[in-house]
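Thanks for coming, everyone. Please bring up the sequence and the model on your screens.

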Amino acid sequence: MSGLSKSHIPSLKQIYSGKVRDCYAVGEDKLLLVASDRISAFDVILGDPIPGKGKVLTALTNFWFEKLKDVIPNHLTGIAPESVVKPEEVDQVKGRAVVSKRLKPILIECVARGYIIGGGWKDYLATGKVCGVELPAGLKQAQKLPEPIFTPAAKAELGTHDENIPYERVVEMYGEKVASTIRNATLELYKRAAEYALTRGIIIADTKFEFGVIDGKVTLIDECLTPDSSRFWPADSYEEGKVQPSYDKQYVRDWLKVNWDFSGDAPQLPAEVIEGTSARYREAYEIITGEKFVPMKSK
């Protein structure tokens, strides 16, 4: 089974191609967002797609948007993606695309951390803080924090690292009202999702959200609580003080750390890593939703 590396929808004007999603204009006020099977790690788009990944991301995002819709509005329009493309293009959008509102993005990656791991762990070891947030002394790797924290990052150009910034910088960039809205929404979305996921046997260690503004209202956009944007750990094997097994792209990151010196192009992923990653994404969806993942196919 091959994956969709890049969409090609000539009936619509393409306006953006990101690490995963291709974006097309639908009239003046809507967008078609197509989740490809591309995968990125260490801010590099790898050459090997993960079959079915884009459909998992879309289905899981839609699940969370519905479950958390009372926290903050999201960008979905409810318009079927198949209705805005030509018949010969339907295969590329069915099950992996949404039609969204067109709004002004807030260029802040809004990260909620409930556990100390990854880059946050490195910062803590060096400074005792994460993005300027003071944490208790003596924490262990992967330990649960006393309370989830908001650690924003200024979004960077494609292929470069986002820059961690203090909350005060967000206020300088967007004002207190918008800054407090995205901070509070990030923490509430994370808390609600983490509580639910734990009932399904998954720890959400951290996650990121993105927001935009339309008609003066802050709105949740992009993806939501997926294996691409979150660390999902199996709760039954959780043990603080060490790296955890996961249902996300950490599997790819770990393979690259062993097999790449981070110079030149990234190496080709072996078949077992591609299939193993695909399986982890599907399993994350099935555990969280309680439903078998059945990719939508065109007729």
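A quick word on the source. This is a predicted model, where local features need pLDDT of at least 70, side-chain atom pairs count only at pLDDT 80 or more, and totals for chains, interfaces and linings use all residues. Residues are numbered from 1 along each chain as its sequence is written, and side-chain values use heavy atoms, with hydrogens and water left out.

Cores first. In soluble globular proteins, nonpolar side chains tend to be buried together. A nonpolar core here is a set of buried Ala, Val, Leu, Ile, Met, Phe, Trp, Tyr and Cys residues joined through side-chain atoms within 4.5 Å. Buried means under 20% relative accessible area, exposed over 50%, and partly exposed in between, with a 1.4 Å probe and protein chains only. The largest core has 60 residues. W64, I182, I204 and F211 have the most contacts inside it. Helix α4, residues 167-199, gives the largest share of this core, 13 residues. Helices are DSSP runs of H or I, at least four residues, and strands are runs of E, at least two, numbered from the N terminus. Apart from that core lies another, of 13 residues, with V26, V84, V90 and V99 among them.

Now look at F211. Beyond its neighbours within four places in sequence, F211 is in contact (heavy atoms within 4.5 Å) with residues including I72, P105, I182, L189 and V218.

What volume does the largest cavity have? About 100 Å³. A cavity is a set of points on a 1 Å grid over the protein atoms alone, where a 1.4 Å probe fits but cannot get out; lining residues have an atom within 4 Å of a point. Of its 15 lining residues, R21, T58, T61, V98 and D222 are the closest to the centre. Helix α1 supplies the largest share of the lining, 5 residues.

R231 sits in strand β15, residues 230-234. Its side chain makes a polar contact with the side chain of D206, at 2.8 Å. A polar contact is a pair of N or O atoms within 3.5 Å; within protein, one must be able to donate a hydrogen and the other to accept it, and residues adjacent in sequence count only if both atoms are side-chain atoms.

D43 is in the loop between β4 and β5. The D43 side chain makes a polar contact with the side chain of K19, at 2.8 Å.

Terms used
On a 1 Å grid over the protein atoms alone, a cavity is a set of points where a 1.4 Å probe fits but cannot get out, and a pocket is an open set with protein on both sides within 12 Å along at least five of seven lines; lining residues have an atom within 4 Å of a point. Grid points are joined across faces, edges and corners, and a volume is the space filled by probe spheres set on the points.
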